[in-house]
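Hello,

Here is the structure I promised to pass on to you.

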Amino acid sequence: MSRSSLKFHIADISLADEGKVKVEWAAREMPVLQRLRQEFSTTRALRGIRIGGCLHITTETANLALTLQAAGAEVFLCASNPLSTQDEVAAALVHHFHIPVFAVRGEDSKTYYQSILRVIDANPHITLDDGADLITTLHQKRKNQVKHIIGGTEETTTGVIRLKQMQKKDILAYPVIAVNEARTKYLFDNRYGTGQSTLDGILRATNILLAGKKVVVAGYGWCGRGIALRARGMGAHIIITEVDPVKALEAVMDSFQVLPSLKAASVGDIFITATGDLHVFSRPHFQRMKDGVILANAGHFNVEVDVEALEKMSRTKRRVRPSVVEYTLKNGKRIYLLAEGRLVNLAAAEGHPASVMDMSFANQALSCLYLIRSASSLKPQVYPVPESIDRQVAQWKLQSLGISIDSLSSEQKKYLQSWEMGT
């Protein structure tokens, strides 16, 4: 595609050279994706396929897009969050790699959804989602185009929850691979990636010392575990809030204090949401919080902290740092909200490190290939990443780290497949 015919909407094309260098830097930490790119450039297995992606426009996503492009696909991208776009990366994708991008950091909600529609205008055969906004917009506003789509992928816990509800209500119109449920995704991306990048965002935003602070983590899924693990490693005292008794018990056994959220509200210094649900911290919590607490959200959508309630309870608000707004309540207490309540790791930092996104995006790329090859046998429902892909990604990652593991002998395989041998 020539530059003259390329349609896009980005902040500043002059940032392209800066973005290209950053994309190349991230590629150094993504050896599995680089291996795939080399293979794809030979096989061109996605030749003629149009792929529309609603993803965070970051250096890691750029490397996924370039891998799909190497396979012969036409790739069209928009942002999956108004504050996560790296404008220099968007510029590099457009200028240097001729990939149409519709994303500007800080865009309003209207522009955000217009950009999704621009990607849909490309008539994609495959959709890539991070939160399911692309696929839900398709089903709500462009139903006539759904019949042309082969399948899709979904990257996040939040998105998979939405898609499973669509399937349950018999609304989902094409098969979607739940990349988030691959072991090489959630055990590493969700746990180590979210854990590190969430604290990175909080520290960049505030420059506070975590040691000695009481950090309340709402939700003990894999993202919450990672946040708790990393915060404890920096000397914080961790309090977990949960609604699932099994996860709460796990948190207890992992040596964390577990409290109901209203009790935690009165003792915490920093509050981090990682649940994927609505209004995890709201008016009753704000009323109990101490003066000077910090609120941050690590979930995909900006609904976990009830910002509207916080606005109504406040007599004044002011921006005290680039990603920090101070709300002064009518009783004089101050609450500091980070990144407008949006996912703090991308809004106030750079998101997950490339090394961990290497596996997640390798799953994305291989799932696209699987969808093309298996389209005729897949029904409109949510599918797991095939076990063979999950294991392949893990094996390649180990190889890139120079690590070898054992394999089963024929005798051991036979034993595991039998039932006759006992004590």
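This is a predicted model: local features need pLDDT of at least 70, side-chain atom pairs count only at pLDDT 80 or more; totals for chains, interfaces and linings use all residues.

One of the pairs is formed by Tyr-186 and Trp-222, with 5.7 Å from centre to centre and 35° between the planes, which is a tilted arrangement. Tyr-186 belongs to helix α9 (residues 183–206) and Trp-222 to helix α10 (residues 222–233), so this pair ties together parts that lie 36 residues apart in sequence. Tyr-186 is partly exposed, at 21% relative accessibility, and Trp-222 is also partly exposed, at 29%.

Another pair is made by Tyr-220 and Phe-256. Their ring centres are 6.0 Å apart and their planes meet at 70°, so this pair is edge-to-face. Here both partners sit in loops: Tyr-220 in the one between β7 (214–218) and α10, and Phe-256 in the one between α11 (245–253) and β9 (257–258). This pair, too, ties together parts that are 36 residues apart in sequence.

Now to the charges. Trp-222 turns up again, with Arg-225 over the face of its ring, 4.2 Å from the ring centre. Elsewhere, the charged end of Arg-28 sits over the ring of Trp-25, at 4.1 Å from its centre.

Best wishes

Key: Residues are numbered from 1 along each chain as its sequence is written. Side-chain values use heavy atoms; hydrogens and water are left out. Rings of Phe, Tyr and Trp (its six-membered ring) pair if their centres lie within 6.5 Å; planes under 30 degrees apart count as stacked, over 60 as edge-to-face and the rest as tilted. Helices (H or I, at least four residues) and strands (E, at least two) are DSSP runs, numbered from the N terminus. Buried means under 20% relative accessible area, exposed over 50%, partly exposed in between (1.4 Å probe, protein chains only). A charge sits over a ring if NZ of Lys or CZ of Arg is within 6 Å of the ring centre and within 35 degrees of the ring normal.
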